[in-house]
Amino acid sequence: MLDPEISTESARAGELRRLLIFLLPATTAMYAAFNGVQQILVPAQVEAFDPGAKVGNLALITTVGALASMVALPLGGAVSDRTRTRFGRRSPWIVLMSVLTAVLLLGMGLSTGIAMLAVSCAAVWFTANFYQGAFAAILPDRVPVARRGLAASVIGLGTPLGIMFGVNLASRAGQQWSYAIFGVIFVVTSAVLVLSAREESSIGIAVPQRIPGRTSDTVRAFFEAFRSTDFTLAFASRASLSLAYFTVSGYLFYSMQDYIGAEHIPGGDVAVAVSTLATLSVLTWSVVATCTGWLADRLDRRKLFVGISSAGLALSMLVPILSPTWTGMIVYSFLSGAFIGTYFAVDLAVMSLVLPDKANEGRDFGILAVATGLPQVLSSVIAGALITVFHSYIALFAFAAVCAFAAGFIIMRIRAIR
């Protein structure tokens, strides 16, 4: 007769396998929309509206969108922490916000000026990141600690696949069709995830208690996770690495156009060149992400993997400075893809292991996600200032290299994780 414990363990393994299978396409769809819109569609729209002011206008729109993201990420986690339905805590918000994001994406594609584009961008980034705040909490909610590296690797694989799909679609399908397709796949993959890997009912789970008293006390309690040194270090490391990444990726379209030069790009098409570089980076990223999360679990050395990947990313940023050519950008894409793939395959597992409060994991995971949104705000302002002051895109890559090195140094100071 089959041992009940073995049967239960087998059932849980099956549930986890099913969850990871359907997390992959949902993650891919989310990052396809994020990157196709941010790297191709918005820069192209901004340039079409006012070519002479494209750098400043892109910085403005990126800042507005990132501010909306910073509010929405922890809010999505905190609200879902307190949601009690027979469909679970996270699933209702995943479905609702995916539908709202799809509708708003259609409106974004119809923007007729900078102001309208900025408003619609802020609305899309708010709903999409509220979605992400609830979505990210699936990892600490439903994945055992021993399998966090594997789960982070699967989610990490969805990121490059999403980037590859998103930038190639956006550079080839046309503006309105791209926005429509992104919206459809966002809704469909979210619905498949919710229906195929069902979340348990949250009815009966104790609701995290609100702190009575003044508004300032409530705000202070919302950010109480920063009392944990490891949580604070994890936030700072991710923020520094994200600042390195977004300072370069957010202006890659213009870097290829103005720094490398369209005349030095095969075919002279900047949008296709950006999608080609992203595809090369993503293919490398995907290969790396499939094995590093599993290896980090096996060796129980997640922090070390993140530190090495941060240093490697910093070194890759030096390639476009030393070789400002199409070949140099190909080498840069290959190296950055390998190191960012290692980072994202393991970083989520590290983040999930420094959460100090079980009852507020969605909120705290959302706050850690702000370490990605906040650098988006800063990177657009910093990148615009660097280009304006130094009249060169070299400053972007140099600044990014310093930030990536800092991220690796900070992560190695976390004590709770090897």
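Here is a short walk through the helices and loops of this structure. The model is predicted, so local features need pLDDT of at least 70 and side-chain atom pairs count only at pLDDT 80 or more, while totals for chains, interfaces and linings use all residues. Residues are numbered from 1 along each chain as its sequence is written, and side-chain values use heavy atoms, with hydrogens and water left out.

Let us start with helix α3, residues 91-109. Helices here are DSSP runs (H or I, at least four residues), numbered from the N terminus. The 19 residues of α3 reach 28 Å from the first C-alpha to the last, close to the 27 Å expected at 1.5 Å a residue; that expected span is 1.5 Å times one less than the number of residues. Which residues of α3 are buried? They are Ser91, Ile94, Met97, Ser98, Thr101, Ala102, Leu105, Met108 and Gly109. These residues cover an arc of only 150° around the axis, which puts them on the same side of α3. The arc is that of the directions from the helix axis to the C-beta atoms, and buried means under 20% relative accessible area, exposed over 50%, and partly exposed in between, with a 1.4 Å probe and protein chains only. An α-helix has 3.6 residues a turn, so residues three or four places apart point the same way.

Next, follow α14 (residues 326-352), which packs with α12 (residues 302-316) at an angle of about 155°, their axes 8 Å apart. Helix α9 (residues 229-249) also packs with α14 at an angle of about 155°, with axes 12 Å apart. Axes are lines fitted to C-alpha atoms, for helices over the stretch in contact, and angles run from 0 to 180 degrees between N-to-C directions. α12 and α14 are therefore roughly antiparallel to each other, and α9 and α14 are likewise roughly antiparallel; the term applies to angles over 145 degrees.

Now for two loops. Val143 sits in the loop between α5 (138-142) and α6 (148-172), and is buried, with a relative accessible area of 4%. Val143 and Leu19 are 124 residues apart in sequence and 9.1 Å apart in space, C-alpha to C-alpha. His391, in the loop between α15 (361-390) and α16 (394-411), is exposed at 70% relative accessibility. Phi of His391 is near 55°, a positive value in a residue other than glycine. Most residues other than glycine have a negative phi.

Finally, the cysteines. A search of the whole structure finds zero disulfides, a disulfide being a pair of cysteine sulfur atoms within 2.5 Å. Cys121 is buried at 3% relative accessibility, and Cys403 is buried with a relative accessible area of 8%.

Conventions: Parallel < 35°, antiparallel > 145°, perpendicular 65-115°, else oblique.
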